[in-house]
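Dear colleague,

Please find below the structure I promised to pass on to you. My notes on it follow directly after.

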Amino acid sequence: MEIGARGKVSGGDLMFTLFLRALILYVVMIVTMRGLGKRQLGQFQPYEFAMTILLADLISTPMGSVSTPLLYGILPFMALFAVHSLITLLSMKSDKVRAIVSGKPSVVVARGVIDQKELRRLCLSLADLLEGLRGAGVLDPSEVGAAVVEANGKLSVFPEARKRGPTTEELGVETAYEGLPLPLIMDGRVQRNNLKQSGQDEAWLADLLKRRGLRVEDIYLGCLDTRGSLFLQTTRGERLRLAALDPGKVDW
């Protein structure tokens, strides 16, 4: 790093230093968040929300100030990661610890009756509850069999039996296994891990497409479902479904 006559860092070196520090802290942030688990990307538990706010605050100072040693920004990350891992482990092992740090689910509607006392305890207004019910597709609270505020604050709503659709079991209809379709082609590229899981190879896939005058590069999305049919959408927006496998050979 070049120092000017008056002992000041040149503008170019300062910009490079800031860029490098931001890059390092960005990588550390990604690694830390990945280590905390995928739930960080969805609904937060209270202790996770508090920790995320702290992480955002910790990263701002060493990223923008070159006078702050970079290690001073990384060490708190490691400390919070260790504390979070300990709390998560204790929560998994102990119901009491989980109740303390995360809280418990609360039933706010039962058989169409709203529990006013529980709403007040949770600091939820009636407008908040009605908004949550509408978000779940329920307009009339009297039609709710049960509504539960989960520990992460999400509202789970279950309509009463007479307001929900009948299941195939109740109708006496036998249904085949329906699992998760495997994307075999995405944006013109073969998804080799999924193809291997299906028990097939690229030669089988290329031959199947060739019969329709298609290539892998022509396919925007290709999914193999658990009934043995392959759904295709081409890059031109055309859609078709092929009988690819005998349903009896499906084992994923």
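Is Arg 111 buried or exposed? The model is a predicted one, and in it Arg 111 has a relative accessibility of 78%, so the residue counts as exposed, the cut-off being over 50%. Arg 111 sits in the loop that links E1 and E2. Its phi is positive, at about 55 degrees, although the residue is not a glycine. In general, most residues other than glycine have a negative phi.

A second residue of this kind is Asp 187, which is not a glycine and has a positive phi of about 55 degrees. Asp 187 belongs to the loop between strand E5 (182-186) and strand E6 (189-190), and with a relative accessible area of 46% it is partly exposed.

Turning to the sheet, four strands form an open arrangement in the order E2-E1-E3-E4, with antiparallel pairing. Strands E2 (113-114) and E4 (155-159) are at the edges; each has a single partner strand, so one side of each lacks a neighbour in the sheet. Helix H6 (residues 126-135) packs on this sheet and touches E1, E2, E3 and E4, its direction making about 65 degrees with that of E4. Between E1 (residues 106-110) and E2 there are two bridges, and Val 113 in E2 is the bridge partner of Ala 110.

Finally, Val 144 of strand E3 is buried, with a relative accessible area of 0%. Beyond its neighbours within four places in sequence, Val 144 contacts several residues, among them Arg 111, Leu 133 and Val 157. Its C-alpha atom is separated by 8.5 Å from that of Lys 163, 19 residues apart along the chain.

With kind regards

Note on methods. Residues are numbered from 1 along each chain as its sequence is written. This is a predicted model: local features need pLDDT of at least 70, side-chain atom pairs count only at pLDDT 80 or more; totals for chains, interfaces and linings use all residues. Side-chain values use heavy atoms; hydrogens and water are left out. Two strands pair if DSSP finds at least two bridges between them. Contact means heavy atoms within 4.5 Å. Axes are lines fitted to C-alpha atoms, for helices over the stretch in contact, and angles run from 0 to 180 degrees between N-to-C directions. Buried means under 20% relative accessible area, exposed over 50%, partly exposed in between (1.4 Å probe, protein chains only).
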